[in-house]
Amino acid sequence: MANIENVLVPNGLVEGRVLAKKQWTEKLFSLEVAASIESYVAGQFTKLGLLNSDGEWVRRAYSMVNHPEHAYGQDHLEFLIIADDNGQLSPKLNDLEVGDKLFVGKQPSGFMTLEEIPDYATALWMLSTGTAIGPFLSILEDDSIAKRFDSIVLVHAVRTQSELVYSDSIECAKNALGDKFHFVSVVSREAHPTSLNGRIPELLLKGEVQKQVGLALSAPDSFVYICGNPAMVKDTSETLLELGLTKHLRRKPGNFASENYW
Ligand SMILES: Cc1cc2nc3c(=O)[nH]c(=O)nc-3n(C[C@H](O)[C@H](O)[C@H](O)COP(=O)(O)OP(=O)(O)OC[C@H]3O[C@@H](n4cnc5c(N)ncnc54)[C@H](O)[C@@H]3O)c2cc1C
Ligand SMILES: NC(=O)c1ccc[n+]([C@@H]2O[C@H](COP(=O)([O-])OP(=O)(O)OC[C@H]3O[C@@H](n4cnc5c(N)ncnc54)[C@H](OP(=O)(O)O)[C@@H]3O)[C@@H](O)[C@H]2O)c1
């Protein structure tokens, strides 16, 4: 990447600084960034950007893990990122250190928010792979969910147990939401004593996730957000249709909606 200390910031981006970095695995990390962007709501994402060695801007979408009303204020953003060895930006973000400069999209966006969930939903299911647990952690911190939903289920599917991140935040959600909250981890590439093994669509079809949380996943009171690997989003959407749920559209309310990460 090019030296960015003295570059002109292009439209749509603001300057940010890395405040903290947590390395979960060699490839998986969290960045805390100071940047003055417009206000966001839980579940949304913004862009992170750097200049490449040809002097071109490379920008990609990353979801905020922290709730906008967290203790450090809206200018303190946290992101959970996996470095893809073949990718242009994510390995460069993994190379950043505290104090380094990067660029952040001024205008957050995204429709995977609480506002978009139809009023008839009393059970919220959030199904994620890999870093897509991030926006759901932000939603879990929203004070409104305890009143709004009778049950809240978070499913996090990863390849190895070392990628089961943010256990402190999940513990906080358990304390805040009590019996309403259910967390299910899925580890696909090794055995893990407190996780299901396999993939989300099959585990839903066999009823194993439902059995673990003691809830049925049924229309009309359930609403499901699916986020992460596009193949998982596709396969899970097909499974939910098989289970009798319907795709949610603004013009035709239903039971599930999704966000693809690539
Ligand atoms: C709404 C949204 C939110 C997101 N939030 C997060 C988040 O919170 N955390 C996170 O880690 N990621 C998130 N992502 C993914 C993120 O935006 C990037 O896509 C990811 O980090 C990879 O970017 P990259 O520049 O490193 O890889 P890229 O350079 O974009 O490449 C990605 C992969 O695709 C392949 N590839 C790229 N271009 C081509 C091509 N032309 N032909 C064939 N193969 C190609 C590469 O080999 C590589 O394996 C999100 C994406 C979206 C859409
Ligand atoms: N995680 C790593 O160690 C690692 C290391 C280097 C680079 N990367 C790259 O980073 C990117 C993201 O990796 P990631 O590990 O966070 O996410 P990922 O590859 O999407 O894997 C996360 C979880 O999603 C599951 N999954 C994949 N396809 C699915 C489908 N069609 N239906 C249901 N579940 C499915 C995986 O199961 P399976 O295990 O059964 O596929 C795994 O449990 C990828 O491009 C990857 O190549 C990852």
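User: Where does Y166 lie, and what makes a stretch count as a helix or a strand?

Analyst: Y166 is in the loop between strand 8 and helix 4 (167-177). Helices and strands are DSSP runs numbered from the N terminus (helix: H or I, at least four residues; strand: E, at least two). Phi of Y166 is near 60°, a positive value in a residue other than glycine. This is a predicted model, in which local features need pLDDT of at least 70 and side-chain atom pairs count only at pLDDT 80 or more, while totals for chains, interfaces and linings use all residues. Residues are numbered from 1 along each chain as its sequence is written, chains are lettered from A and ligands numbered from 1 in the order in which they are written, and side-chain values use heavy atoms, with hydrogens and water left out.

User: What kind of peptide bond joins A219 and P220, and where does P220 lie?

Analyst: The bond between A219 and P220 is cis, with omega about 5°. P220 is in the loop between helix 6 (208-213) and strand 11 (222-228).

User: What makes a residue count as near a molecule, and which come nearest to ligand 2?

Analyst: A residue is near if one of its heavy atoms lies within 4 Å of the molecule. Around ligand 2 there are 19 residues, and E163, S188, R189, R199 and N229 come nearest.

User: Why is the pairing of E163 with ligand 2 called a polar contact?

Analyst: A polar contact is a pair of N or O atoms within 3.5 Å (within protein, one must be able to donate a hydrogen and the other to accept it, and residues adjacent in sequence count only if both atoms are side-chain atoms). A polar side-chain atom of E163 is 2.5 Å from a nitrogen atom of ligand 2, so the pair qualifies. The side chain of R159 has an N or O atom 2.9 Å from an oxygen atom of the ligand, and a polar backbone atom of M232 is 3.5 Å from a nitrogen atom of ligand 2. The protein covers 80% of the 860 Å² of accessible area that ligand 2 has on its own, with areas taken from the Shrake-Rupley method with a 1.4 Å probe (for residues, only the protein chains shown count as cover).

User: Which element gives the most to the shell around ligand 2, and how do its residues divide by class?

Analyst: Helix 7 gives the most, with three residues. The shell has eight nonpolar, four polar and seven charged residues. Ala, Val, Leu, Ile, Met, Phe, Trp, Tyr, Cys and Pro count as nonpolar, Asp, Glu, Lys and Arg as charged, and the others, Gly among them, as polar.

User: Which contacts does ligand 1 make through Y62, S63 and Y261?

Analyst: A polar side-chain atom of Y62 is 2.7 Å from an oxygen atom of ligand 1, and a backbone N or O atom of S63 is 3.0 Å from an oxygen atom of the ligand. For Y261, a side-chain N or O atom is 3.4 Å from a nitrogen atom of ligand 1. The protein covers 64% of the 970 Å² of accessible area that ligand 1 has on its own.

User: Why is ligand 1 said to lie between domain 1 and domain 2?

Analyst: Domain 1 (13-105) and domain 2 (114-260) both give residues to its shell, so ligand 1 lies between them. The domain bounds come from an automatic or database domain assignment. Strand 4 gives the most to this shell, with four residues.
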